[in-house]
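Biologist: Could you take me through this structure, beginning with the overall fold and then the details?

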Amino acid sequence: MSEAAPYNFVIVGGGTAGWLAALMLQEAIAKRNMNAIVTVVESSRIPVIGVGEGSTAVFRQMLKHFGFDEFEFLRETEATIKFGIRHKDWRRKGHSYDGPIDDPHLVMEPPGTRPQSYIDIFSCAAGRRLADTHLFAYLLDQQKAPFARKADGGLVPLGPFHHAYHFDQALVGKYLRRKSSSVEMIDAEVSGARRDPASGNITALITDVGEVAGDFFIDCTGFRRSLISKVMGGKWKSFKEHLPVNRAMPFWLEHEEGAEFTPFTTAWAQGAGWMWMIPTQARMGCGYVYSDAFITPEEAKAEIEATLGRSIEPRNDLKFDIGRQETPWIGNCLALGLASSFLEPLEATSIHGTIVQLLVFTTFHMKDGVDFNAKDRDAYNAFAGRQVDDFRDFINLHYVSERRDTPFWEHVASDFRSPATRERLALWQRKMPGHEDFTPLPGHFAHTEQQLYYPVLDGLGLLNRPLAQQFMDANPTLRAKAKAAADSLTAEYRAAAPRAMGHREFLKSL
Ligand SMILES: Cc1cc2nc3c(=O)[nH]c(=O)nc-3n(C[C@H](O)[C@H](O)[C@H](O)COP(=O)(O)OP(=O)(O)OC[C@H]3O[C@@H](n4cnc5c(N)ncnc54)[C@H](O)[C@@H]3O)c2cc1C
């Protein structure tokens with residue numbers, strides 16, 4: 001008796017999303033001993049998106065999960081360390097705040113039935129900077145590495161927290177591809193697909209080198225959305241009512257000789273949007289994300305040159321409609337990466353979102369084999385929709401600003417808040433933000449919840465200090481514990497940061 005042919009997962013696209021999908025599907029198949037294979041179809045004639053990028057801590061957790069050597073990753077991808085984001089000029093011009101991504105609540109013994117954010121609430125009540133209890137705030141500010149050198153020359157991590165990275169997406173694609181060794185690869189351009197007339201499912205891809213048959217198709221074709229939109233007719237849900245930018249002008253800057261690599265992303269608010277600055281070891285990847293309803297590309301270039309005091313050479317002029325697929329999984333086609341959604345990269349939600357989507361897909365929808373049904377699709381689509389909508393609301397919050405100095409900032413100050421932002425800001429005038437105000441994702445995978453909201457709310461001056469004081473006055477035992485926790489963390493981290501290696505020195509030593 002001949003063995004059944006293996007189930008074939010065909011991934012179209014070899015950018016970060018495509019290779020992450022290959023790696024994570026391959027692992028899920030091996031773990032569950034499934035009779036399945038992974039094929040990647042990518043066109044060497046169509047370039048990847050190719051911008052300098054920032055990740056979240058989930059990327060490091062993924063490297064650790066796969067047992068990859070972090071130092072090898074840093075070397076091969078010319079990556080740098082990211083402890084958080086420095087937001088310049090968002091609240092008002094000349095004002096800056098940092099969003100460190102470590103959560104001090106994770107390392108303190110919880111005092112009974114305390115609210116999850118008791119250290120933040122205490123700091124707010126005491127009029128202290130919330131970032132003071134974050135190790136990453138000090139490492140970020142002093143441009144340090146997350147390691148110190150021991151007397152024997154070895155490296156010791158400074159804390160238990162996962163940092164994130166800045167990297168060159170093309171090099172990360174190559175790295176992930178090398179790690180997905182048993183995946184079959186076909187260099188071909190997909191121009192369409194054959195579909196089963198009864199189910200509408202894709203049966204084969206039509207490419208310039210012939211047809212590629214498969215059972216399940218993953219669209220990672222970036223902004224082209226070659227399968228999900230062009231073949232399956234997926235509908236796009238635009239977020240333009242609540243996210244104001246629709247254009248990006250990426251450019252590179254050379255590092256100054258010997259200058260430190262900033263271990264944070266700079267998100268610098270401008271007259272009609274904001275500029276990202278993301279260091280890799282090779283260069284500073286930058287870009288102006290703006291709204292062309294307020295300025296032309298020529299004006300955007302001139303504005304950035306005036307901000308930086310030097311000329312720039314734009315590498316591209318990308319136009320996009322911020323939003324997501326209404327249903328990223330249709331029939332036997334699942335969209336990931338830019339094919340599934342695109343939000344301005346203000347909180348590095350894109351690659352993070354793709355990893356979490358793959359975790360949910362492989363954890364909850366492949367566990368009984370590959371027999372997908374409408375229930376899987378509906379559950380996945382509801383999760384992925386909510387995940388990206390939550391990202392939209394978090395980014396929307398960043399625009400709650402005192403700025404009114406340009407038509408763009410007047411526009412975002414008008415009726416621009418998303419319903420969730422409006423509801424939450426009203427709620428947080430009656431109670432302090434807490435874990436209970438957010439709905440966790442299936443599997444409790446990492447998401448934008450109170451630990452990420454607090455630094456942004458604090459930075460934008462949106463926390464209600466009298467409310468925090470009332471809360472602490474009503475809970476004197478908790479206040480004493482929170483004060484002890486905040487004092488000891490602040491003292492410990494202040495003392496620890498100067499012992500860390502310099503960021504550049506660390507990267508160059510690997
Ligand atoms: C300006 C900008 C800044 C960003 N900054 C960040 C950030 O800081 N942090 C973050 O997490 N994310 C960021 N992103 C998003 C991030 O770039 C993507 O999520 C990530 O790179 C994944 O891209 P992708 O693989 O979906 O698409 P791409 O990189 O575009 O790859 C698409 C792949 O599909 C292939 N392909 C396309 N069409 C076909 C076809 N018809 N046939 C065969 N192959 C095809 C191409 O060859 C390519 O391999 C940013 C995006 C932009 C636009």
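Predicted model: local features only at pLDDT ≥ 70, side-chain atom pairs only at ≥ 80, totals over all residues.

Biologist: How many helices and strands does the protein have?

Modeller: The protein has 15 helices and 24 strands. Both are DSSP runs numbered from the N terminus, helices being H or I with at least four residues and strands E with at least two.

Biologist: What is the radius of gyration, and what does the globule rule give?

Modeller: The radius of gyration is 23 Å, close to the 24 Å from the globule rule for 510 residues, so the protein is as compact as a globular protein of that length. The radius is taken over C-alpha atoms, and the rule is 2.2 Å times the number of residues to the power 0.38. The C-alpha trace spans about 75 × 55 × 50 Å along its principal axes.

Biologist: What share of the residues is buried?

Modeller: Buried residues are 47% of the 510. A residue is buried if 20 or more other C-beta atoms, placed from the backbone, lie within 10 Å of its own.

Biologist: And the contacts?

Modeller: Of the contacts with a separation of 6 or more, 76% are between residues 24 or more positions apart. A contact requires C-beta atoms, placed from the backbone, within 7 Å.

Biologist: Turning to the ligand, which residues come nearest?

Modeller: G13, G15, G222, G337 and P345 come nearest, out of 37 residues around the ligand; a residue is near if its C-beta atom, placed from the backbone, lies within 6 Å. The elements giving two or more residues to this shell are α1 (16-31), β2 (36-42), β3 (52-54), β16 (247-253) and α8 (349-364).

Biologist: Next, helix α6. Which of its residues are buried?

Modeller: In α6 (residues 169-179), V172, G173, Y175 and L176 are buried. They cover an arc of only 165° around the axis, which puts them on the same side of α6; the arc is that of the directions from the helix axis to the C-beta atoms.

Biologist: What do they pack against?

Modeller: The buried residues of α6 pack against α1, α3 (70-77) and β9 (164-168).

Biologist: Is strand β5 mostly covered or mostly open, and which strands does β5 join?

Modeller: Strand β5 (residues 84-88) is mostly covered, with five of its five residues buried. Five bridges join β5 to β6 (residues 96-100) in the antiparallel sense, and four join β5 to β17 (residues 265-270) in the parallel sense. Strands pair if DSSP finds at least two bridges between them.

Biologist: Which residues stand opposite H87?

Modeller: Y97 is the bridge partner of H87 in β6, and A267 stands opposite H87 in β17.

Biologist: What links β17 to β18?

Modeller: Five antiparallel bridges join β17 to β18 (residues 273-279), and the two strands form a hairpin with two residues between them. A269 has W274 as its bridge partner in β18.

Technical notes: Residues numbered from 1 in each chain as written. Buried ≥ 20, exposed ≤ 12 C-beta atoms within 10 Å, placed from the backbone. Contact = placed C-beta atoms within 7 Å.
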